[in-house]
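Here's a quick briefing to read with the model open in your viewer.

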Amino acid sequence: MKKQKTDLLQGTLDLLVLKTLQGSPKHGWDIAQRIKQLSEDILQVNQGSLYPALHRLEEQELIAAEWGASENNRRAKYYKLTAAGRKRLATDTREWERFTWAMAQILQAS
Amino acid sequence: MLRKLTRRLRALLQKDLMERELDEEVRFHLEKEIEQNLQHGMSAEEARYAALRSFGGVAQIKERCRDRRGVRAIEEIGQDLRYAARMLIKQKGLTAVAVIALALGIGANTAIFSIVNAVLLRQLPFAEPERILTLWENNVKDGIERDDVSPANFLDWRERSTLFEEMAFANPHSLDYLGDEPETWQAALVSDGFFRIFGVNALVGRTFLPEEYRAVSDRVVILSYGLWQRRFGADPKIIGQKLVLDSEPMTVVGVMPPEFKLNLFDQEKDLWAPQVFGEDLRRQRRATYLKVLARLKPGVTTERAQAEMNSIAAQLSQEYPQTNSGVGIMTVPLTEQMVGRARPALWVLSAAVGFVLLIACANIASLLLARGREREREFAIRAAIGAGRGRLIRQLLTESLLLAVAGCAGGLLLATWGIDLIIALSPGNIPRLDQVGLDRTTLAFSFATAMLTAVIFGLIPALQFSKPDLHNCLKESGQTTTGSSARHRLRSALVVAEIALALVLLVGAGLLLRSFDRLLRINPGFAMDKVVSLQVFIWDRYNTPAQRAAYAQQVLEKLEAVPGVQAVGITTALPLLESGTDTSYPFTVEGRPAAPPGGEPTIFSTIATDGYFAATGVPLLRGRLFNQFDTTAAPGVTLINDTLARRHFSDEDPVGRKITVRFTGRGQPSPTTLEIIGVVGDVRHDGLDKEPRPEFFRPYTQSPSGSIIFVVRTSADPLTLVPTLKARIWEVNPTQPFYSIATLDSLISDSLKARRFSLILLGSFAVLALALAMVGIYGVMSFTTAQRTHEIGIRMALGAQAGSVLKLVVGQGMKLTLIGVAVGLLASLALTRLMKSLLFGVSATDPLTFVMIALLLAGVSLVACYLPARRAMKVDPMVALRYE
């Protein structure tokens, strides 16, 4: 089965990142892996987009960063959601659901 | 919000730290990826390559992350500045030339602007100066636009007008101070309300109280700041002290501040005193000598006030037809009155320095275009890595800005010197010149000019170089023979522009020069050199005509006896000398029908001795001069000047005819009949550029005036004789102060000072412009011939003569010059009409001037083209062929 790397829009990447961070703080690698896992490999994040996205979200104060020790005791930068980030996650999720419902309606009509 | 700010500050200040963190973050990710790949069974090398590939371009990702930091803009500006500074320091020659040219251009503009600002733009230092007007009598029929006002008219104007808060006058007067070092001071007698019009309070003490305008005893005066400083050492205890002026003690009650300068009279006033109105003053309607000022009521416009005054003038001309028929009222805002005269010259100078700056900018742009060739590679590489066009333009503009800032600094320095120089050269009748300096407005202007020039000369090269021909530049050999054809056209266009601008300036200067020359050639009507005048007023000491005649006779005899004196005379009015006694009276010729009342022609009266004509060299054209038989017992006689003779006796001999002159004013005789005994030559009384006026002379013996000007012709330099002459005059009366002492040719040269000043300034700028333009064309020609060295080598190797190569190169340059000259001539035709008011005897499109200047420019240009061409010719063809 050929895996297709679906292009992700910038806004959707942000949403995925925020959702992924809903649980415990993670570093960049973790986030990428998690997205891959949860989507059963359909969504493979382009690392080239991930880090700029992380820095952008940090700039917008939706996520906060902290340096900590990783599993094998190496230094890594961990990201977590801020209160503003949590709020944005909620609104963006609602938006996304509305969007997909609308798309589904149109595509189903024949 | 605060966190955002802190983060941005961190990004700026702790850049290294953040870079390392980014590095580490990326490395961590890569290592994890590599680990995973190893687990999947790849070899170490494969694992690494796969990880890197999936990650993407590390450098670009890092760059995009950096972009997110939000301080990109500031960082880039910092980078640009540092880089620009490095580049400019590396190209020392280019930088030096550019900065010098900019300093000259910006400095000149700043200096002229500071003058324009102080004289024309800044508000007068009075309260609401736009509401202050000056009022004048005017008589269109006699061609008088602004005449002083008579006391009776002033009183009626004040009484009948409703739109003014205050109306007052200033009456010029001189007061003799007889303390130590006797001097005659210029004073103004003012009416009540004068100081209120300006809203200015005394610096020390107070202005006049209402009762002081009525008091005949206990006279008071107010000093000017200048006098207070000069004679009284700025001592505040002067208030309350008494000064003896005109043999009367007067108490000083105040001192005016230094900015209280009105420029209404030819000389600034030292003193103000209240004018006491006597009955005789109230009746004076014909004699005009008051300067009237008024302040509009709030909300009233000048137009309304003018309309009201027009109707008042109409009323008066009906009520007093003998004196006021045809007399209108002219309102002029004070600002316009004070500085209006200087306006045309200042605007012309501003335009001139603007042109000079444009030429300098064109030169620098040209230079940058030429030198930029070496940097094309650098820009090509930067474009290849991904610098956007905007970024490259920004980089180049930053360099231009740095140049401009350096030029601005140099320019400000030059401007301070320039301003001092201009003030030293100035003719002294430019108002408010003492307030010129580098104030905030001027500094802001200077800076803004610098920024604007940076854009002007920086934009052209920036646009050119920011789209480099990548393919060509990155090749090894970097041939640019064809690639710069657009650039060459651009430089040629710049040169054409420079030449056109320089031509306009040169034409302007040339026209002024010709005007000046014309003026100098005018026969003033009198011999200018070796004549000195000494002016005294003897009214107070010698009360009767007999006493005055006796005094005059004594002095004349003593002066004639001085060795070195060739002729001595007396007059009451000297050409070009403001003596305060210039009055004209109506007259009729006996035997001719009388003109309607108020419609008689007027002629100017002077009283003189026969020696006056000898001393000034005014020729006798017909008849005879005064002699010893023209006494008070004999019938009244008069000499008329040529203008009067031609105007009123055009077809007959005036000698022997009689005229009746109606004298008016204090102390003047009633209508007097005089027999014309002769005609003398014209004298240009009001200045070389004004027509002579119709004058008649009466012999001093028949009407001994108290306003005496002794005119002495000497065989040697008159100034050496002045102390002796003064001593002789003092022998007759030791306490006689001198009102003024001047040589005739200094009077003439004073009257020319203003023109000479404009000429010097405009001429200097024109020469500067020419020099800059020639440097420009020389630069371009050098450059193109260097470019074409290869081609020239080929031609010469193929047998071309040196002469034809020369013709080729010079021909190119001259083609540009001719286009520039043509454009410049067209521009001059359009623009010189704007300076018409500065010209004399020369039309604004004088063909001779235009042609001469065009030839001059072409000639200088030819030299500028020839020099590099000659160098090109000397090149050894073998060397040229190898040159790439």
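B:E21 counts as buried because its relative accessibility is 14%, where buried means under 20% relative accessible area, exposed over 50% and partly exposed in between (1.4 Å probe, protein chains only). Keep in mind that this is a predicted model: local features need pLDDT of at least 70, side-chain atom pairs count only at pLDDT 80 or more, and totals for chains, interfaces and linings use all residues. Residues are numbered from 1 along each chain as its sequence is written, chains are lettered from A and ligands numbered from 1 in the order in which they are written, and side-chain values use heavy atoms, with hydrogens and water left out.

**Around B:E21**
- B:E21 sits in helix α2 of chain B; helices (H or I, at least four residues) and strands (E, at least two) are DSSP runs, numbered from the N terminus.
- Leaving aside residues up to four places away in sequence, B:E21 touches A:W67 and B:R10, with contact meaning heavy atoms within 4.5 Å.

**Helix against helix**
- α3 (residues 47-59) of chain A packs on α2 (residues 15-39) of chain B at about 145 degrees, their axes 12 Å apart; axes are lines fitted to C-alpha atoms, for helices over the stretch in contact, and angles run from 0 to 180 degrees between N-to-C directions.
- On the α3(A) side you'll find A:Q47, A:L50, A:Y51 and A:H55, which meet B:L22, B:E25, B:H29 and B:E33 of α2(B).
- By class, that contact between α3(A) and α2(B) has 3 nonpolar, 3 polar and 2 charged residues (Ala, Val, Leu, Ile, Met, Phe, Trp, Tyr, Cys and Pro count as nonpolar, Asp, Glu, Lys and Arg as charged, and the others, Gly among them, as polar).

**Chain B overall**
- Chain B carries 28 helices and 22 strands, and 50% of its 884 residues count as buried.
- Take the chain B contacts between residues at least 6 apart in sequence: 81% of them join residues at least 24 apart.

**Cavities**
- The whole structure has 5 cavities of 30 Å³ or more; a cavity is a set of points on a 1 Å grid over the protein atoms alone where a 1.4 Å probe fits but cannot get out, and lining residues have an atom within 4 Å of a point.
- The largest cavity holds about 160 Å³, a volume being the space filled by probe spheres set on the points, with grid points joined across faces, edges and corners.
- Its lining counts 16 residues, with B:L368, B:R375, B:L396, B:E399 and B:P461 nearest the centre.

Notes:
1 Å grid on protein atoms, 1.4 Å probe; cavity = no way out; pocket = protein on both sides within 12 Å on 5 of 7 lines; lining within 4 Å.
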